[in-house]
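Dear colleague,

I am handing over a structure for you to look through, and below it you will find my notes on what was found. Please read them with the structure open beside you.

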Amino acid sequence: MRKSEARELIEQARAAWDAEEWLHAAELYERVLAHFPDLEVSAVWWYDAALAHKFLRNWAKAYELGREAAARSPRGEGDPAYWNLGIAATVQRDWATARDAWAGFGIELPDGEGEIEARLGYACVRLDTGAGEVVWIERLCPTRGRVVSVPVTGGRRFGEIVVHDGEPKGERVVEGSTYPVFEELLLFEASELPTLEVTVAAGEAADLEALVELFSGHGFGAEPASSLRVLCACCSEGTHEQERAVEAGTQQVSLAAPEGEARRLLERWAGETKTGRSWSGLAAVG
């Protein structure tokens with residue numbers, strides 16, 4: 001291939017990129033890279049080709065091309081080639097490559113081998129279900145998190161592990177602390193905990209908070225309806241002040257626990273005071 005032909009194909013690739021024709025753009029880049037893999041500008045072409053396959057959720061190709069992009073990128077300078085390789089390697093469960101990619105980006109993780117199980121604090125993820133539901137996660141690595149709130153979207157569960165993108169699309173501010181909202185890329189590991197619903201009567205907000213803490217203390221989840229907030233898409237992708245406070249009264253509570261355990265904990269909760277606490281209508285919903 002002559003360089004003049006390569007330049008023409010790169011122009012076509014950029015036009016396809018601008019039109020969001022990701023597969024065509026990637027194919028054009030790859031045609032050029034087969035002949036010119038190591039030009040100074042080739043690192044950008046490898047990166048764009050890998051990114052196009054990431055957009056297509058073709059993780060095997062994003063991983064393959066991402067390795068080439070990262071191999072031609074500077075280490076320790078926050079180069080996005082390493083971040084995208086970290087995501088693709090995580091999806092492929094190549095933990096050694098993922099660890100090296102995060103190090104190449106400039107992120108320090110605890111030493112170890114195998115699946116990354118770091119404690120990187122909390123964030124939010126917008127589930128990829130079409131409903132726009134935002135849930136809280138505990139971050140296990142730069143791109144994975146365990147869901148620690150009870151989703152109300154059907155088919156999703158407390159305790160599942162998701163892979164999310166690296167660019168935040170929104171923020172949640174709680175008691176002065178700001179947490180990013182990431183977009184879900186895929187469900188990485190399902191949860192076996194079923195989702196239940198129960199009608200709860202709580203005389204005071206503290207009664208409902210006690211219920212949430214009781215379930216949380218046993219590794220389960222409880223999400224009172226009064227703690228949920230409905231936002232339009234524009235507000236959801238902006239900065240939103242959020243209170244995790246709950247309200248007293250009668251309301252639905254979503255639970256994540258085996259039904260037998262849920263009944264036992266509800267009985268315990270209701271029996272801790274003589275008045276003001278009751279429950280009824282426990283049923284599985286997902």
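**Notes on the structure**

At 36% relative accessibility, R57 counts as partly exposed, because that class lies between buried, which means under 20% relative accessible area, and exposed, which means over 50% (1.4 Å probe, protein chains only). R57 sits in the loop between α3 (42–55) and α4, where helices (H or I, at least four residues) and strands (E, at least two) are DSSP runs numbered from the N terminus. Phi of R57 is near 60°, a positive value in a residue other than glycine. Most residues other than glycine have a negative phi.

Before going further, please keep in mind that this is a predicted model, in which local features need pLDDT of at least 70 and side-chain atom pairs count only at pLDDT 80 or more, while totals for chains, interfaces and linings use all residues. Residues are numbered from 1 along each chain as its sequence is written, and side-chain values use heavy atoms, with hydrogens and water left out.

**The chain as a whole**

The protein chain has nine helices and 11 strands, and its C-alpha trace spans about 85 × 40 × 35 Å along the principal axes. Of its 286 residues, 46% count as buried. Among contacts (heavy atoms within 4.5 Å) between residues at least 6 apart in sequence, 58% join residues at least 24 apart. The protein chain exposes about 14,100 Å², of which carbon and sulfur atoms supply 48%; accessible areas come from the Shrake-Rupley method with a 1.4 Å probe, and for residues only the protein chains shown count as cover.

E184 lies in strand β6 (residues 177–189), and it counts as buried because its relative accessibility is 4%.

R144 is found in strand β3 and is buried, with a relative accessible area of 0%. Not counting residues up to four places away in sequence, R144 touches several residues, including T90, W95, V162, V163, H164 and F188. A polar contact of 3.0 Å joins the side chains of R144 and E115, and the C-alpha atoms of R144 and V162, which are 18 residues apart along the chain, are separated by 5.6 Å.

The axes of helix α4 (residues 59–71) and helix α5 (residues 80–91) come within 8 Å and cross at roughly 145°; axes are lines fitted to C-alpha atoms, for helices over the stretch in contact, and angles run from 0 to 180 degrees between N-to-C directions. The contact is made by residues among them W59, Y63 and R67 of α4 and Y82, L85 and I87 of α5.

A polar contact of 2.7 Å joins the side chains of D94 and T97.

In helix α6 (residues 95–105), W95, T97, A98, R99, A101, W102 and G104 are buried, and what covers the buried residues includes α4, α5, β3 (144–147) and β6. α6 is followed by G106, whose phi is positive, near 120°.

E175 is found in the loop between β5 (171–174) and β6, and its phi, near 50°, is a positive value in a residue other than glycine. Is E175 buried or exposed? At 79% relative accessibility, E175 counts as exposed.

Technical notes. Polar contact = N/O pair within 3.5 Å; in protein donor to acceptor, adjacent residues only side chain to side chain.
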